[in-house]
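Here is a short note to read beside the model. Please keep the sequence and the 3D view open while going through the points.

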Amino acid sequence: MTRQLLFNAFVVNRPVHQSPGLWRHPRDRSTEYQKLDHWCDLARLLERGLFETMFLADGIGVNENFGGSAEAALRNGSQVPTNDPILLVPAMAQATKHLGFAVTATASFEHPYLLARRYSTLDQLTNGRVGWNIVTGASNSAARGMGRTTVAPRNTRYEIADEFLELSYKLWEGCWEDDAVLWDRQTGHFADPSKVHKVVHHGEHFDLEGIHLTTPSPQRTPLLFQAGASTSGRAFAAKHAECVFLSGMTPAQVTANVTDIRARAAAIGRNPRDLRFFPKATVITAPTGAEAREKYAEYQNWISVEGALMLFSGTTGIDLSHYGPDEPIRYEEREDGVSSALAQFTTDSDIVWTPRLIARYMGIGGYGPVFIGSPSEIADEMLVWAQAADIDGFNLAYAVMPETYADFIDLVIPELQSRGAYKMAYADGTLREKLFGHAHLPATHPGAKFRHDGRAAS
């Protein structure tokens, strides 16, 4: 049976994302990122394409890894400015009916008491269409902005995130019982106090005494997304994530992480098929393969070389400003970068990567494959990836906003549908129901043990 693919649109509330320099393209609308109409138009487009979510990346630091300062970031508008993504969601939810919104927030610089309320409120306002992309934050710039001297070591960040999730589950799942809210007009009682349970938590990283300020939302716990390829990141994903965002240049690089995370999930009692995997990709398509390749070549005229090198430096923590254009990139272990990504360009790659090659590769789509071709060629390649890497779909980045998504929706989606490889309509219900068939965390998820009343997944 042909596997049905799932898609998320990988975007950010800033003028530049994964294709540095292409904001200058005459058909690109990225400079409208400060306008709600731009975001609502994009949400409606993605819903027309039956996308699962708009996956909203975020970062609260400035990329200073290239050249040791923010100059390159400011020159290229890359990673700065960055507006708050979560404030876009209510307007986009009003403009749509089914599209989900996976919003990034870092466990290193938030507090569970407030973040839990924020996501519960959004889940209520969207009728259960919210996900949380959990990140731990690897930016020293962000740490200094938050009054700290440096980012915590990777293992410590994941320990903090693990405790953050435990406390969040206590608030989302264990505080208000399902029948705690009464709305009893005769007695005047809003809630039964005996069914609202105070959370008392004194942990290594967080202290909290109080009740969750928001009544249960449609999903209670938002759909949980996570991206992490390190050993700590994979262990965290296996325990907490329902959807995993991956990066890799080949199916083989992605498969290793998928296999490992599924095995880790099974080892702790989770159903390994309760996780959905989405590597990042960018699609350049046109009615014919020749036209698609012409479009890709035309897009390359707008690449910012410095922006592409800076994007690599921000991803890996390696300052490419110190390298010659044809000097091979060397591996080094980093706490403030993503060493697993660097390994794929060095120790795990047969290609000798240099800044010149990296600029061309990262210039469109950033770190991940770029599929170029006719609708049938794109569909073929995606289905090969899905089978080879055991993935469920893709997080699709863009080259030109919103042209990349419009081309994909108008050309590739019908091709996939004709093959039975893509749905014809949305399922009803919350975001979790659309993806998994149940509104709440399943009983095998670690968050379920914090329920007071033993609710089963529904």
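**Notes on the model**

1. E32 is partly exposed, with a relative accessible area of 24%. Partly exposed here lies between two cut-offs: buried is under 20% relative accessible area and exposed is over 50%, using a 1.4 Å probe and protein chains only. R29 falls in that class too, at 23%. E32 and R29 form a salt bridge, and their closest N and O atoms are 2.9 Å apart. The term salt bridge means a side-chain nitrogen of Lys or Arg within 4 Å of a carboxyl oxygen of Asp or Glu.

2. A word on the source. This is a predicted model, in which local features need pLDDT of at least 70 and side-chain atom pairs count only at pLDDT 80 or more, while totals for chains, interfaces and linings use all residues. Residues are numbered from 1 along each chain as its sequence is written, and side-chain values use heavy atoms, with hydrogens and water left out.

3. The overall picture comes next. The protein chain has 15 helices and 13 strands; these are DSSP runs numbered from the N terminus, with helices being H or I of at least four residues and strands being E of at least two. The C-alpha atoms fill a box of roughly 75 × 55 × 45 Å along the principal axes.

4. How much of the chain is buried? Buried residues make up 59% of the 458 residues. Among the contacts with a separation of 6 or more, 76% join residues 24 or more positions apart; a contact means heavy atoms within 4.5 Å.

5. Helix α1 covers residues 36-48, which is 13 residues, and reaches 18 Å from its first C-alpha to its last, close to the 18 Å expected at 1.5 Å a residue. The expected span is 1.5 Å times one less than the number of residues. Its buried residues are H38, W39, C40, L42, A43, L45, L46 and E47. They pack against β1 (6-12), β2 (53-57), α3 (89-94) and α14 (403-418). Just after α1, L50 has a positive phi of about 60°.

6. H38 is a residue of α1 and is buried, with a relative accessible area of 3%. Leaving out residues up to four places away in sequence, H38 touches R29, E32, Y33 and M401.

7. Which two side chains meet in a salt bridge at 2.9 Å, N to O? They are R48 and D410. Since R48 lies in helix α1 and D410 in helix α14, the pair ties together parts that are 362 residues apart in sequence. R48 is partly exposed at 49% relative accessibility, and D410 is partly exposed at 43%.

8. A further salt bridge joins E173 and R451, with the closest N and O atoms 3.1 Å apart. E173 lies in helix α6 (residues 154-174) and R451 in the segment after α15 (431-436), so the pair ties together parts that are 278 residues apart in sequence. Both E173 and R451 are buried. Salt bridges that share partners also join R3, R262, R273, D390 and D392 into one network. The count of salt bridges comes to 29.

9. Strand β4 (residues 130-135) is mostly covered, with 5 of its 6 residues buried. Strand β3 (residues 100-106) pairs with β4 in the parallel sense over 6 bridges; two strands pair if DSSP finds at least two bridges between them. T106 has V135 of β4 as its bridge partner. β4 also pairs in the parallel sense with strand β9 (residues 223-226), over 4 bridges, and I134 stands opposite Q226 in β9.

10. β3, helix α4 (residues 112-125) and β4 make a right-handed β-α-β unit. Right-handed means that, with the strands pointing away from the viewer, the path from the first strand over the helix to the second runs clockwise.

11. R356 lies in helix α12 (residues 355-362). Apart from neighbours within four places in sequence, R356 is in contact with P325 and D326. The C-alpha atoms of R356 and V305 are separated by 8.5 Å, although these residues are 51 residues apart along the chain.
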